[in-house]
Amino acid sequence: MAIEDRFGCPAIVAEPLEYFGELRAEAPVFYSDSLKGFVVSRYETLQYVVGNPEIFSSSPVATAMSNAGQAKQYQPIYEELGTPPPLATLLITDGAVHKRYRGAVEAAFSAGAVAAMETGIRTRADAIIDDFIDRERVDLLTEFCQKLPAQVMCDLIGLSRDQADILRNAATAAVRLISSALETEESRRELHRQRAEMHVYVQRLIERFRREPIDNLLSKLVHLVPDDGVPLNDAELISLVVGLNVGGNETTVNGLGGMFLSAFRTPDVQAKLRDGTMDPGRFVEEALRLETPVAAMPRWATRDSEVEGVSIPAGSLVYVSFLSANHDEARFACPAHVDTQRKGIRNHAAFGAGVHYCLGAVLARLEMKVALERVLDRLAGIQLDDTAPPVEHHVKFIARGIMSLPIRFKRREAMTTAAAGHTG
Amino acid sequence: MPKLTVVGRTGTAKEFEGSPGASIMENIRDNGFEDLVGVCGGNCSCGTCHIYVGEQFGDRLPPISDDEDCMLASSEYRTPESRLACQVEFSAKLDGLYVRLAPEE
């Protein structure tokens, strides 16, 4: 029986795991009219697609209708504000162009550079917790998960903390524009307006750092000469920062939210993390696999091909579903369960694969690990707040994240060590 | 062509002619060892291409960078012979190299 296209249904987009199970079994390469593209859902098939960029390029082909992020008809929105329109940089380029941008920012996100950020992230996490620790009830998503990555990103590019909302809105807009076929024309224009607002702020920062260099990522990029000898212009710098902000904001927020949900929705997970029988680093990997913040990314077919018996014509849009791949029973036994003893625990596709493997993977892992450590260390007896509405996921095909995470807890410092050990 | 020998996770050894200029990770993956995932594609970001290189080859390898050191530090299977295969380029001077895949994390 033919599988029905259900990607037009918001409830399925928000909770797609069961549907993806059907697709993996019956139609691992599935054409969705709602998405105007193919969806690849099995782990091995996804690895094939992302491993063959000459057939499935990250660079949009001219005929692809989904290219709303760069589409010319939205350029006046940017021109009205006197700022350059979006430019393809890290996410949707390949080859030499991708190398130019990746090379420019790689060092700032290397394992060594990120290790030096650990103390600062821990201090920020503790300061954020200080703001709600006496309340005993909090929406951990809005009061913690959204704040920590935004502050880290503000530090990287030189925005003050009270401008974090601009970063968050722009990140959300950029993500929704990637699967723009699911948006209305009106919402596409509004998303571009939100993105344009961030362009204006970043452009002002670029002008400032050009005059007065300081020690942050954006200032370094402004003065950097890439390997090809051509400095980055304003349009390139702005779009690079917007791209980095998607990773540093939207997806890290979703990563943190998904991690805490995974930790608290099953009581024994929190208990094992507290008594040391579950390794926090391995738990972070499982949380990434289970909730997969970057749920899917687009590729564009450069030529006619056939995958899993399905013909994919040149010019087609092909979505690789990292979320589905990470729940593929053929690769991960009992995929819905947290299993920190799983072999190959880092082999999940949460950060993508190959040349487009997430630039900020090391930083994301660090933020998640530090956040988990600080929250468990300072809050005791954490439970999902059953008096609040149930936790729900956003209706986004590209990004998987929760809308709220209401919890109840006790301040841990107020408890005796012995008592704290029993309240897990 | 210089050769290298790779011992997989099941203990099976395989000797093959390597491709100079490509990383050891690429050489291993291109010669049938699919259990070496190398998910980040050589970006020194995932730690899934962890190998052990015999001490006798140590002075022929490039030194471990700070980034590689940080990634290896997160592995529970790190030993003095540990390297990330994506960070070592294969070349004629490594002819006869003998490596073992580290256990999966």
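Biologist: Which residue stands opposite Arg137(A) in β10(A)?

Modeller: Arg137(A) faces Arg408(A), which belongs to β10(A).

First, some ground rules. This is a predicted model: local features need pLDDT of at least 70, side-chain atom pairs count only at pLDDT 80 or more, and totals for chains, interfaces and linings use all residues. Residues are numbered from 1 along each chain as its sequence is written, chains are lettered from A and ligands numbered from 1 in the order in which they are written, and side-chain values use heavy atoms, with hydrogens and water left out.

Now the strands. Helices (H or I, at least four residues) and strands (E, at least two) are DSSP runs, numbered from the N terminus. Two strands pair if DSSP finds at least two bridges between them. β4(A) and β10(A), residues 406-411, run antiparallel and are joined by three bridges. They belong to an open sheet of three strands in chain A, with the order β4-β10-β9 and antiparallel pairing. β4 (137-139) and β9 (379-384) of chain A are the edge strands, so called because each pairs on one side only. On average, neighbouring strands of this sheet are turned by 30° against each other, direction ignored. Such angles run from 0 to 180 degrees between N-to-C directions, with axes fitted as lines to C-alpha atoms, for helices over the stretch in contact.

Next, follow the loop between β9 and β10 of chain A, where Phe397(A) lies. Phe397(A) leads us to the aromatic rings. Rings of Phe, Tyr and Trp (its six-membered ring) pair if their centres lie within 6.5 Å; planes under 30 degrees apart count as stacked, over 60 as edge-to-face and the rest as tilted. Over all chains, the structure holds 11 aromatic pairs. One of them joins Phe7(A) and Tyr19(A): centres 5.1 Å apart, planes at 65°, so edge-to-face. Phe7(A) sits in the segment before α1 (10-14) of chain A, while Tyr19(A) is in helix α2 (residues 17-26) of chain A, 12 residues apart.

Phe7(A) has 1% relative accessibility, so it counts as buried. Tyr19(A) has 2%, so it is buried too.

Phe7(A) also pairs with Phe397(A): the ring centres are 5.3 Å apart and the planes stand at 75°, so this pair is edge-to-face. Phe7(A) lies before α1 of chain A and Phe397(A) in the β9-β10 loop, so the pair ties together parts that are 390 residues apart in sequence. Both Phe7(A) and Phe397(A) are buried. One aromatic cluster takes in Phe7(A), Tyr19(A), Phe20(A), Tyr319(A) and Phe397(A).

Tyr319(A), in β8(A), stands opposite Val39(A). Here β2(A) and strand β8 (residues 317-321) of chain A pair in the parallel sense, over three bridges. Val29(A) stands opposite Val40(A) in β2(A). Four residues lie between the strands of this hairpin, and Lys36(A) takes a positive phi near 55°.

Thr45(A) lies in helix α3 (residues 43-50) of chain A. Contact means heavy atoms within 4.5 Å. Neighbours within four places in sequence aside, Thr45(A) is in contact with Val29(A), Val40(A), Val307(A) and Glu308(A). Its relative accessibility is 6%, so Thr45(A) counts as buried.

Back to Phe397(A), now as part of a core. A nonpolar core is a set of buried Ala, Val, Leu, Ile, Met, Phe, Trp, Tyr and Cys residues joined through side-chain atoms within 4.5 Å. The largest one has 154 residues, and Phe144(A), Met259(A), Phe260(A), Phe397(A) and Ile28(B) have the most contacts inside it. Helix α13 (residues 234-264) of chain A gives the most to this core: 14 residues. Met259(A) touches Phe283(A), Val284(A), Ala287(A), Met368(A), Ala371(A) and Leu372(A), not counting residues up to four places away in sequence. In soluble globular proteins, nonpolar side chains tend to be buried together.

Terms used: Buried < 20%, exposed > 50% of the residue type's maximum accessible area, 1.4 Å probe, protein only.
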